[in-house]
Amino acid sequence: MESKKYMDIIVKIQDLAKNLYAVDKLQGCTEEEILFMKQKFGELPSVLEAFYRTVAKTEVLHHVQDHWILPEHFEKYSWLQEFDSLILINENQGVCQAGIRKEDLSQIDPPVYVKTDDNDWVLSASSTSEFLLAMLAYEASFFMEFCPEEFYWITEEEFSIIQAKMQKLPYEIHNWLYDMKVSFYSNDVDNIMAVMDCSGDLQILYGANSEDSYAKLMVVMDEIGSCY
């Protein structure tokens, strides 16, 4: 990565993964796996290559809601050859997939698109780095050590409390699971709240990796009585 800007982005991705997945050491792909991907696709975006190299094979990332696609999967699974994109993640029931279009792979930090049922690709994030940050946060919100056991519906008024009391994080996912937009809020480095907007219907899922951090979330949730 030539640019300090993109080095900083990768550090942010690494820090987020460590904080939200409670791991001290991340694991990346081998040089052989990176070379395989470059030979298969011709080139890799610098941000994605750095993610592969430093984060992608961290074990806990592969025990979440959906399925991250690794270089080894392109050797194992023929269905991945059906796409004119480099697939990054597959929804757990195969409802949708997110990936980078082949024509965008020469970019350092290209946009990410989601494939819909009618075979159209719709924009999910304006950059690979935004998508990686957002999807890491989204997947973590399902399985953190301290978390509720289900989604909760909230009203616009309750959402305004979250917006006022918590920090909005600078990344989002769009068009995941059809038209769902997911934004993220936090009030500690190891907690996260995912706000899922499904055509105006709002759901939340939240969690933390320590009792203290979870208690900070519950200070906010105490003002949203119907949510837990």
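Is Ala-22 buried or exposed? Ala-22 is exposed, at a relative accessible area of 55% (buried means under 20%, exposed over 50%, partly exposed in between, with a 1.4 Å probe and protein chains only). The model is predicted: local features need pLDDT of at least 70, side-chain atom pairs count only at pLDDT 80 or more, and totals for chains, interfaces and linings use all residues. Residues are numbered from 1 along each chain as its sequence is written, and side-chain values use heavy atoms, without hydrogens and water.

Most residues other than glycine have a negative phi. Ala-22 has a positive phi of about 55° and is found in the loop between helix H1 (4–21) and helix H2 (31–41). Helices (H or I, at least four residues) and strands (E, at least two) are DSSP runs, numbered from the N terminus. Ser-199 also has a positive phi, near 55°; its loop runs between strand E9 (191–198) and strand E10 (201–208).

The structure holds 10 aromatic pairs. Rings of Phe, Tyr and Trp (its six-membered ring) pair if their centres lie within 6.5 Å; planes under 30 degrees apart count as stacked, over 60 as edge-to-face and the rest as tilted. Phe-51 and Trp-68 form a tilted pair, 5.6 Å centre to centre with 45° between the planes. Phe-51 lies in helix H3 and Trp-68 in strand E1, so the pair ties together parts 17 residues apart in sequence.

| Residue | Relative accessible area | State |
|---|---|---|
| Phe-51 | 4% | buried |
| Trp-68 | 4% | buried |
| Tyr-206 | 1% | buried |
| Tyr-214 | 18% | buried |
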